[in-house]
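This report looks at how aromatic rings pair up in a protein chain. The sequence and the structure come first.

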Amino acid sequence: MCGIVGYMGGQDAYPILVRGLHRLEYRGYDSAGVSLINQAGNLNVYKATGKVDALEEKCREADTTGTIGIAHTRWATHGEPNTVNAHPHLSQSGNLSLVHNGIIENYKTLRAMLEGKGYSFCSDTDTEVLVQLIDYTQATSRCDLFTAVQRALKSVVGAYAIALLERSHPDRLVCARKGSPLVIGVGTDARGNKEFFLGSDATPIVEYTNQVVYLKDEEIACMDRSGQLDIVNMDDVHQTPEMITLQMSLDELEKGGYPHFMLKEIWEQPAALRTCIKGRLHPASKDVVLSGIIDHKDKFVKARRIIICACGTSWHSALIGKYFIEEAAQVPVEVEYASEFRYRNPVIYPDDVVVAVSQSGETADTLAAIQLAERKGAFLYGICNVIGSSIARATHSGTYLHVGPEIGVASTKAFTGQVITLCLLGLAIAKEKHTLSDEMFHMLVDELYQIPDKMQWTLENNKDIDKFAQMFTYCRNFIFLGRGYNYPVALEGALKLKEISYIHAEGYPAAEMKHGPIALVDEEMPVVFIAPRRGMYDKVVSNIQEIKSRKGKIISVVTEGDTTVAGMSDHTFVIPDTRDCFVPLLAAIPLQLLAYYVATAKGRNVDQPRNLAKSVTVE
Ligand code: M6R
């Protein structure tokens, strides 16, 4: 989704802004723009469609001087991705320049009102309406920009993170947020003066300062060159900035020698999951300690039901979580697409626990789903990766994944991080409810603790996937099949492949094949089976037979040493043996690698696949 960068201080703004835009490329976008106020007080705006490189090319001969500026990557919602619709947008007076993330829902009404006042528009965007509205408010109320933004936003319905430059005041930067994140970085320049950075997340800021303020919903901030940072809410009440020290390191934002972030993140999984379970899973004392539930044990013990709301990959991990929590903690778990849940009138009991699973913590539908659940009285628990994200802040309690920033659009380490965190949650609830025998509980703790090592083994023993994957670049379809815990893995394998290779792929419960999809199978159809020597092994073997008799090409994920399924398959990926419930943590890895290598063999941009955004902050 869209990205915002801003800077004001003693340094040249342009290199900082462009570097910041590159850092935000992972979010997905289709045009970019920058606006700066130069020494002479001119407000310059440059925009380009396509990548940030194209913007840089355009700016090569342009005046990009100035120590204050804002920049943007746009993921088109209102109007096609062209330079007119790209941000920053200028007010009719030419005094204001604005960048915006989010969607203004009542922009048509506002636009009609402004047209009635003599304003004209050159773009199709809701954003241009916003900048004219602020301009109009400032002109009619004769107030400063800070106040005008505050007043104008009162008539705006929708979600936004905005940043503005004012040509007549090149000494201040104004920003505001509602429903879309915005981070202010506070640093010190070479002369010892305060400088301000702005980002729609912390990634453009981290290399300059680790001191940040996460703007809260309905807050408006004004930074000025004297180093002053003023924050007010919509009721004009001053807010004390809450300075936080970022835990993110620059290394985590670099590829570190890998050709793509996705491959780096796949290989990072053993280490990332070790960090995730550190201090939570204790093999020596055979214990699980999840601080997020310590103060809320009662909620979980008494929960009549757990509802998990999520989207995409997070929905798949939630489904694995459902199977595990129901089995271990004996509580019914429902998994909901957040986008459906939020528009139903779901039945929520006061003793329901609603869990949001979201890597970014910013997914608009997931956020709206838990807000609905809260209005209906549920206790909210968040499982997020991004520290301080909207969902993390909107929930009553929760657990961070701690798997490090995930930059590749296709979720990999966050998926396995979510699965292991949901397993920890299931074990923590089971411990409180005594739903598992001590023997079983201890065995599960021991086994889960070994998973990162087994992931490492899996990575090192499937190194031929790159060569093998090249055979599938011609394919137009893939089917992924699994049963039990491995059905969600099949869904995730199919999603990974389709989102980065653009090959159509479907995941099904293996037994569902007979009910329709088997009609698709012929000698051209690769069918991937997740077939570990656990769970419903014999039944999966029968399902493989059924596909084989229809000449489908069998690719299987098997347990090390398996010869039966391996003997029936055209190709196998191996994983070490583990408990049925933890197989997804291992089986996901070869499927991630398969998707990665098929996509790279097809020359796809795996880190930024077409049309996709890393955090889906609009519905
Ligand atoms: O940030 P979230 O986990 O809430 O994101 C949910 C989905 O948008 C996300 O998982 C998406 O499906 C990814 N592209 C999957 O790789």
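Phe-468 has a relative accessibility of 7% in this predicted model, so Phe-468 counts as buried, the cut-off being under 20%. Phe-573, with a relative accessible area of 0%, is buried as well. These two residues form an edge-to-face aromatic pair. Phe-468 lies in helix H16 (residues 465-469) and Phe-573 in strand E27, 105 residues apart, and the pair thus links distant parts of the chain. Ring pairs also join Phe-468 and Phe-573 to Phe-472, Phe-478 and Phe-480 in a cluster.

The count of aromatic pairs comes to 13. Another of them is formed by Phe-324 and Phe-582, and this pair is tilted. Phe-324 belongs to helix H10 (residues 312-329), whereas Phe-582 sits in the loop between strand E27 (571-575) and helix H20 (583-601). The pair therefore ties together parts that are 258 residues apart in sequence. Phe-324 counts as buried because its relative accessibility is 2%. For Phe-582 the value is 0%, so Phe-582 is also buried.

The table gives the geometry of the two pairs.

| Pair | Centre to centre | Angle between planes |
|---|---|---|
| Phe-468 and Phe-573 | 5.7 Å | 80° |
| Phe-324 and Phe-582 | 5.8 Å | 40° |

Rings also meet charged side chains here. Which residue has its charged end over the ring of Tyr-502? That residue is Arg-610, placed 3.9 Å from the centre of the ring. Arg-304 lies over the face of Tyr-349, and the distance to the ring centre is 3.9 Å.

Terms used. Residues are numbered from 1 along each chain as its sequence is written. This is a predicted model: local features need pLDDT of at least 70, side-chain atom pairs count only at pLDDT 80 or more; totals for chains, interfaces and linings use all residues. Side-chain values use heavy atoms; hydrogens and water are left out. Rings of Phe, Tyr and Trp (its six-membered ring) pair if their centres lie within 6.5 Å; planes under 30 degrees apart count as stacked, over 60 as edge-to-face and the rest as tilted. Helices (H or I, at least four residues) and strands (E, at least two) are DSSP runs, numbered from the N terminus. Buried means under 20% relative accessible area, exposed over 50%, partly exposed in between (1.4 Å probe, protein chains only). A charge sits over a ring if NZ of Lys or CZ of Arg is within 6 Å of the ring centre and within 35 degrees of the ring normal.
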